[in-house]
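Open the model in your viewer and keep the selection tool ready.

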Amino acid sequence: MRAVWFERFGPADEVLTVGDLPDPVPEAGEVLVRLHASGVNPSDVKLRAGARAGAVMGWPRIVPHSDGAGVIEAVGGGVDPARIGERVWIWNGGWQRQYGTAAERIALPAEQAVRLPDGTGFAEGACLGIPAMTAWRAVFADGPVAGKTVLVTGGAGTVGRYACQMARLGGARVIATVSSAEKAAHSTAAEWINYRDTDVVQAVNDMTRGEGVDRIVEVDFAAGQTAALALLKPGGVIATYASASQMQPRLDFYPLMFRNITLRMILVYLLDPETRRQGEAQLTEWLEAGALSHAVVPGGDLADCASAHRMVEAGNKLGTVVLEVA
């Protein structure tokens, strides 16, 4: 099969190799998926770069990327043969595994290949594992949002854009922060604030008549903590999935405690099975109803993997970079 791999950490142009590897064979409990699309997420880029503290190569050769979509073409022992031919999207394809989705085929546990509704394309399916599931967890981890006000920071980001849609679908009022009118339109949020030229706290208070918000989906905990303290109602929730501006932020413990605030950290790779099944079911329902829009940024094919990684690193794309595999 055609695949992309690296044998050491480093810049994409220097370490990513495109070539042929043996086709994987599904073991018991696994499915073999013929991939049509591979999503490129920031975590994939950081893994290849060795950007995490204490990063070590777990294997002498790694095929990157956790997200993807394709068709099951074989199954291992114990897996229903009726799944052969099923369209699926993949989660955790490259999480703590040697062989991810930057390849024509992948063998992985059957539960990690989720049915993809016929109305959703493979490129869109390659956006679901990390961005969409992170958004779903951030919005709904602490219960329904009907009748609540949800602030989504970074509403034009890959997670934020899904979070805006999902919170609205859940019956919430959604306010997003963005950095331009173009990004506001991309975010899908009906109400938005340009954080570059507007005081977010004042603007949200004006929009909510001083009541504030019930939940915040936070793209940068360190940068947003002060605003969150000013805006959250007592008993509110900060659901955060990153803190890029400061990896070890100072925690305002007592101000948070005395407002009974829940601080929820989201790492989508570690969702427990029951929670993940709930998220998969909800995504399937929305996809079948055509209720979600997706932002796919074409990244080329496997031969263009290095340039796709550079696009993600540049940080100015609007959407998820997706490689067309076949």
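Start by selecting Phe9. Phe9 is partly exposed, at 21% relative accessible area. This is a predicted model, so keep its confidence values in view.

Phe6 is buried, with a relative accessible area of 0%. The ring centres of Phe6 and Phe9 are 6.3 Å apart and the planes meet at 40°, so this pair is tilted. The whole structure holds five aromatic pairs.

Next, select Phe253 and Tyr254. Their ring centres lie 5.0 Å apart with planes at 90°, so the pair is edge-to-face. Phe253 is partly exposed at 45% relative accessibility, while Tyr254 is exposed at 53%.

Now look for charges over rings. Arg61 sits over the face of Trp5, 4.7 Å from the ring centre.

Move on to the largest nonpolar core, which has 43 residues. Trp89, Met166 and Leu283 touch the most other members. Elements giving two or more residues include helix H4 (128–140), helix H5 (158–169) and helix H10 (273–289), along with strands S8 (149–153), S9 (173–178) and S12 (232–240). H4 gives the most, nine residues.

Centre on Met166. Beyond its neighbours within four places in sequence, Met166 contacts Ala132, Ala135, Trp136, Phe140, Leu283, Trp286 and Leu292. Finish at another core, which lies apart and has 35 residues, including Met1, Ala3, Val40 and Ile90.

Methods:
Residues numbered from 1 in each chain as written. Predicted model: local features only at pLDDT ≥ 70, side-chain atom pairs only at ≥ 80, totals over all residues. Heavy atoms only, no water. Core = buried A, V, L, I, M, F, W, Y, C linked by side-chain atoms within 4.5 Å. Buried < 20%, exposed > 50% of the residue type's maximum accessible area, 1.4 Å probe, protein only. Helix = DSSP H or I, 4+ residues; strand = E, 2+ residues; numbered from the N terminus. Contact = heavy atoms within 4.5 Å. Phe/Tyr/Trp six-rings, centres within 6.5 Å; stacked < 30°, edge-to-face > 60°. Lys NZ or Arg CZ within 6 Å of the ring centre and 35° of its normal.
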